[in-house]
Amino acid sequence: MELGRELMLSDDDIPIDIARNMKCTAYQMISNENFYLYRKRQDSSSCGELVQSKGIVPGVKVFFSDYFSKLSDEIILQIFKWLPKKTLMKCSLVNRRFLRLTQDDTLWARMDLAGRSFRTEAIGRIITRGVIVLRLAQTKIVDPIFEPDFFIWNDMFESKLQYLDLSMSNITALGLQQLFKTCRHLIKLSLEHLTISDRVCEELAHNTQLEVLNLALCSGLTSRGVRMLLSSFSNLQSLNISWTNLETESVAILVETISPSIIRLNIAGCRKSLKDNHVRTLVDRCSSIRELDASDCNLLTVHVIKSIRELSELEYLSLSRCYNISIYAFMDLQYSRTLKYLDIFGMLTDAQLAVIVNTLRDVGINKFINSAVARPTVGTRRTSIWGLRTRD
């Protein structure tokens with residue numbers, strides 16, 4: 001009974017001196033530094049140091065540890081590669097080590113800046129970071145590309161750009177000339193719907209390893225520019241030079257100087273310049289063509305079919321709106337063993353088209369409205385160019 005009575009004592013039944021001792025003991029237990037497990041004790045092996053804190057309780061010492069100092073540069077770079085480019089710029093302001101690491105070339109190898117506007121010299125600063133894959137489609141770029149004295153101090157500078165998409169961007173011919181002055185290692189390039197000049201072609205011709213070139217809808221392309229470009233690109237495999245208002249002289253230079261290694265070619269839109277003899281020269285020079293688009297070339301006649309049939313590896317052919325080629329000429333394509341697709345939009349009636357379909361049973365008729373030759377993006381995919389990711 002006495003034991004039970006002692007256990008049931010209330011606060012009023014406890015003597016004052018005992019209660020004070022109990023409260024004091026409880027306070028000491030709670031305020032003991034060992035109770036705060038998250039606090040770090042001073043450790044001589046740690047990289048941090050014990051410092052007097054400000055703004056906390058006076059006299060209390062708090063330990064701050066720099067965990068990043070324990071990590072190697074390689075590990076931090078692996079962390080940084082998952083960060084957005086804007087975050088990387090902010091990280092560069094932390095300390096000198098972060099500034100050095102955020103400037104590593106591996107962090108800037110891929111960039112997608114499509115649809116944006118850039119002030120003067122902004123693109124130049126981006127290129128000097130070591131970008132390899134760069135998408136600048138539909139961007140607005142203001143001259144100059146580089147600082148006024150950039151080429152004085154960096155006369156031998158060569159960018160690492162290999163894959164560049166400038167399709168439908170707002171950039172002057174002078175801006176392109178400055179940009180290509182630093183490019184010597186381009187492999188794939190798109191300049192669709194831009195204004196170029198002979199000086200631009202002269203700088204671009206130094207990229208002798210170029211394999212893919214998209215010049216669709218470009219203006220300012222002359223016969224001299226065509227000669228400089230095609231005589232330099234011995235490894236060219238895919239070329240889109242459609243709707244560039246080529247004159248007859250330019251077309252003749254094209255078929256005579258284009259690389260024999262060409263596989264995909266789009267020369268559509270040469271309404272009054274591409275003739276049967278040009279196609280004959282092209283076939284004799286480039287027998288490995290697999291994809292050929294000669295749409296909207298009104299001077300082509302039925303004789304061009306005979307020349308095209310000699311392309312032993314041809315898989316795709318487009319002769320849309322070539323009105324001087326009759327329906328009977330297309331039937332000769334049934335003897336082609338490799339042809340898989342034929343586009344002849346806007347030429348035949350429904351009845352005539354049905355005859356072609358029945359004659360060319362193994363060939364897909366009018367399957368592709370737009371050409372994909374040398375274009376960096378096809379369809380709705382906008383996160384890659386030529387199959388290469390532009391975002392990390």
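Ser307 lies in helix 13 (residues 303-308); helices here are DSSP runs of H or I with at least four residues, numbered from the N terminus. The model is predicted, so local features need pLDDT of at least 70 and side-chain atom pairs count only at pLDDT 80 or more, while totals for chains, interfaces and linings use all residues. Residues are numbered from 1 along each chain as its sequence is written, and side-chain values use heavy atoms, without hydrogens and water.

Ser307 is buried, at 7% relative accessible area (buried, under 20%; exposed, over 50%; partly exposed, in between; 1.4 Å probe, protein chains only). Its side chain forms a polar contact of 3.5 Å with that of Arg280. Such a contact is a pair of N or O atoms within 3.5 Å; within protein, one must be able to donate a hydrogen and the other to accept it, and residues adjacent in sequence count only if both atoms are side-chain atoms. Beyond its neighbours within four places in sequence, Ser307 is in contact (heavy atoms within 4.5 Å) with Val279, Arg280 and Val283.

Helix 3 spans residues 73-80, and Ile76, Leu77 and Phe80 are buried in it. These residues lie on the same side of helix 3, because they cover an arc of only 105° around the axis. The arc is taken over the directions from the helix axis to the C-beta atoms. The cover over the buried residues of helix 3 includes helix 4 (85-91) and helix 5 (96-102).

The whole structure contains 0 disulfides (cysteine sulfur pairs within 2.5 Å). Cys322 is in none; the nearest cysteine sulfur, that of Cys297, is 5.4 Å away. Cys322 is buried, at 0% relative accessibility. Cys91 is also buried, at 14%.

Technical notes: Helix = DSSP H or I, 4+ residues; strand = E, 2+ residues; numbered from the N terminus.
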